[in-house]
Amino acid sequence: MKTGTSSIYEDVTERLTESEARGPVLDLWESVQQVFQDSGPEAVKSLIESRVRSLANTAKKDLTTSRAVARSMTPVKRKSSAAPVRAKLAKRT
Amino acid sequence: MEAKYRLASLKAEGFRGICHPIDLSFHPRATVIVAPNGCGKTSILGAIEWALFGELPYQPRENATNDEIVNLHHHPQEAQVRVSLDNGVDTFDVSRTKRVGRRATELAAVFAGLRNFVGDGASEACFQHLGLTLDDFYRAVYLHQESIRGLLLDEPRVRNEALDRLFGVNKLRDILRMLSVKPATDAIGELQATKGRAAAKLQGAIGEVNAQYERALQDASREGLPADDLSPTLAASLVGDVAGRLSSAARLVGYPDVVTFPTADAPEELDRVATRARELVRSIRRKGTELQGGTASATQLGALEGSRATLSGAQTLVGTAGTELADAVGRLGGMEALSSEMEGVHETLSRLQREWDEVTANQRLNAEAISYLQHASAATECPVCGQPITAHDLLARLQEGLEDQLRIRLQAIEEARAAAKADLARLETAQGEIQRKQKALASAQDALRLAEGGALASLDTSVEASALHAALEAKIVQVREAGTRAAEAREAAETHLAAAESVIDRIRVIVRVLRSALERNQALGRLGAMDSSESTADLQMAALGSLAADIQTVAAAVQTVASDTARTALDVSGDDYGRFYATLCAHPYFDRLRISVEEQRVNGVDRNNYVIRTHSSLDGEASLASSRLSTAQMNCVALSVYLALATRLEHHLGFVILDDPSQSLDLEHKQALVQVLDELDPRLQLLIATQDLELGDMLSRRWPGDASTRYGLNWSPDHGAELVEADG
């Protein structure tokens, strides 16, 4: 029976390849494996959160633009100016 | 079993509990170190581990330089360990040293007494010759007390972690712990909620803009604007109209003719033009107000009229005061005549006073003479005139004649004096009246001078005093006429301004219509873009969904490898740990052990969950081991699994280290442990450290004489651990 924890990473890669995982899945696994070996488990968490944040921020920006459009349209109380002018003129004369 | 490295010897000094040099030779079959707690057993075992791998993971760190490695009393404060390995063909010597205060250790390795390696080269040589990492060392060679402790605990999480470590998949477990899809799903949920809110806000805004558009159209209709031609072109033509009217109004009120507007097409530009036009209306209107006699002209007219009134009043006062003074002088006389007359009166009064003094002196003499005569009646002549007279006659004469004359004289003087005083009083009154009239005249003249000065100032020109009034009148007429002209101009300008305002309102209405239409189109476009699955937000949310799916795929693959690896380990070692358990535990009922791997979902990710069950051969009853077995029996379970795995894992080391394996075991279980150890492959070298004398004796009896080596240890602060007995 094999020893060597490095072999279990290869086993995971092999399994993903066998299951014909998409390229992004293999890339994700490579990144996870790399940061785990370099910096430990918390780095994996940071990696996932950073990717989520990156995608979410782009989406948020887009939604913020929509909200800004809605906000810019929020009707300003534009009073009909014609009537007050006529009233003023009447008062003056 | 291929030729594997076994421990040949260990030399150590200055390492943890070892101060003075110690030198151990290991027996090819079994070496047993028996010593009480705290005498350095674990230091010796740790020395082997540290020499080979440079780390003691279970040892808490004292500081960044790991100075707890070095013995406190060693001189020169340096840990030195040399481990010699032998596989029957070649030797492999590993030496490691470390000084206090230095983080790095110095590693040297010598293969077959010929090839020397140092530093990284030595580390690489160690990995190649040992064939395993430090993690694997813990599950394949060194049964550390901490490894057993995890298996003994009831808490499933700790037991699962300990077994994962034993099966070499603890790193996968660490990765799985962090491969959570929750951040992605949370972010998707949050984005969907945000998107919903944004869409609702847009819908609401569109509703408002529609209503606003309708209101703007109604206003346009009221303003008489053509509903089908509310275009920027129409607004631009209205702007031209406004510019013309404002220019006319500006010219009328003398405002600088700067009424120009930039060309405007977009609603915002038109709105700015309308705002600018309205500002101009205000400015021109203000100018018209000023021109009409607003602030400056009204003040001027007021000043002129005030000056005129003041001047007239002052002139009237002077005339009245002069008349009154002339009347008084005519009636009472001039001041000089009055003064002369007053001097005469004063002289009369002086004269009368003198006469009064004289008469009163005579009256006093007369009284004295009468008094004398009344007492001296022998007098024969008049004491005044010396004429012969009798005293009696004289007395009568004095009393009847002179005294009366003197009284009459005094009375006349008194009357004359009263008359003179009355004259004096009359003259003083007249003089006072004239003086008051003179003062009044002087005051009136002062006031007139002031009024003339004020009038000159308001005229702002040099005019003779006599022509002042006429000049004022002329000026007032002039200012009034100017005011009238300005009022007419302002009125005419106001007509233009009112018309301009009306047109500005129309422009504003057109702006509102155009802007509402534009905003509505923008919002509808944005809403359409949001509803589209091609929107950036939707694409990112889809990407997040893909990321979550990818994380799940990776987690599933990691977990599959983790569970497969654990199952393989259990399958491979299943017969052994079952046999070891049966021997070690010797349970009268639960005589069989079975460990299965299940999957447990934590935070959306599956992980290995080990179920350790004991079975009875008698009736097939099964139960969870931790709920049925004692701590000692669970220790037997841990030892069984460890020993079964240790004999199955592939690497280049042919020895097993057991640190205090008999924890909680009674006599029978210790005997069983010795039996199990004895039944292991005899080529597997055993290094056992124990504080248990009973176990030590059992092992000595099992491997008597040359079949094993036994060491005892003593420990003192100055010397550290010392070998005190060595049985071969």
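## Terms and model

A residue is called buried if 20 or more other C-beta atoms lie within 10 Å of its own, exposed if 12 or fewer do, and partly exposed in between, with C-beta atoms placed from the backbone. Helices (H or I, at least four residues) and strands (E, at least two) are DSSP runs numbered from the N terminus.

The model is predicted: local features need pLDDT of at least 70, side-chain atom pairs count only at pLDDT 80 or more, and totals for chains, interfaces and linings use all residues. Residues are numbered from 1 along each chain as its sequence is written, while chains are lettered from A and ligands numbered from 1 in the order in which they are written.

## Helix 2 of chain B

Helix 2 of chain B has 12 residues (119–130), and its end C-alpha atoms are 16 Å apart, which agrees with the 16 Å that it should span at 1.5 Å a residue; the expected span is 1.5 Å times one less than the number of residues. The buried residues of this helix include B:Ala122, B:Ala125, B:Cys126 and B:Leu130. They lie on the same side of helix 2 of chain B because they cover an arc of only 115° around the axis, the arc being that of the directions from the helix axis to the C-beta atoms.

Helix 1 (41–53), strand 5 (91–99), strand 6 (106–111) and strand 7 (115–118) of chain B are among the elements that cover these buried residues. On the face turned away from the buried side are the exposed residues B:Asp120 and B:Glu124. After helix 2 of chain B comes B:Gly131, with a positive phi near 75°.

## Strand 13 of chain B

In strand 13 (residues 685–690) of chain B, six of six residues are buried. B:Gln685, B:Leu687 and B:Ala689 are on one side, and B:Leu686, B:Ile688 and B:Thr690 are on the other.

Strands pair if DSSP finds at least two bridges between them. Strand 13 of chain B runs parallel to strand 3 (residues 30–34) of chain B, joined by five bridges, and B:Val34 stands opposite B:Thr690. Strand 12 (residues 655–659) of chain B also pairs with strand 13 in the parallel sense over five bridges, with B:Phe655 as the bridge partner of B:Gln685.

## Contact with chain A

Contact requires C-beta atoms, placed from the backbone, within 7 Å. In chain B, 66 residues are in contact with 44 residues of chain A. Helix 14 of chain B gives the largest share of the side of chain B that touches chain A, 19 residues.

Notes
Contact = placed C-beta atoms within 7 Å.
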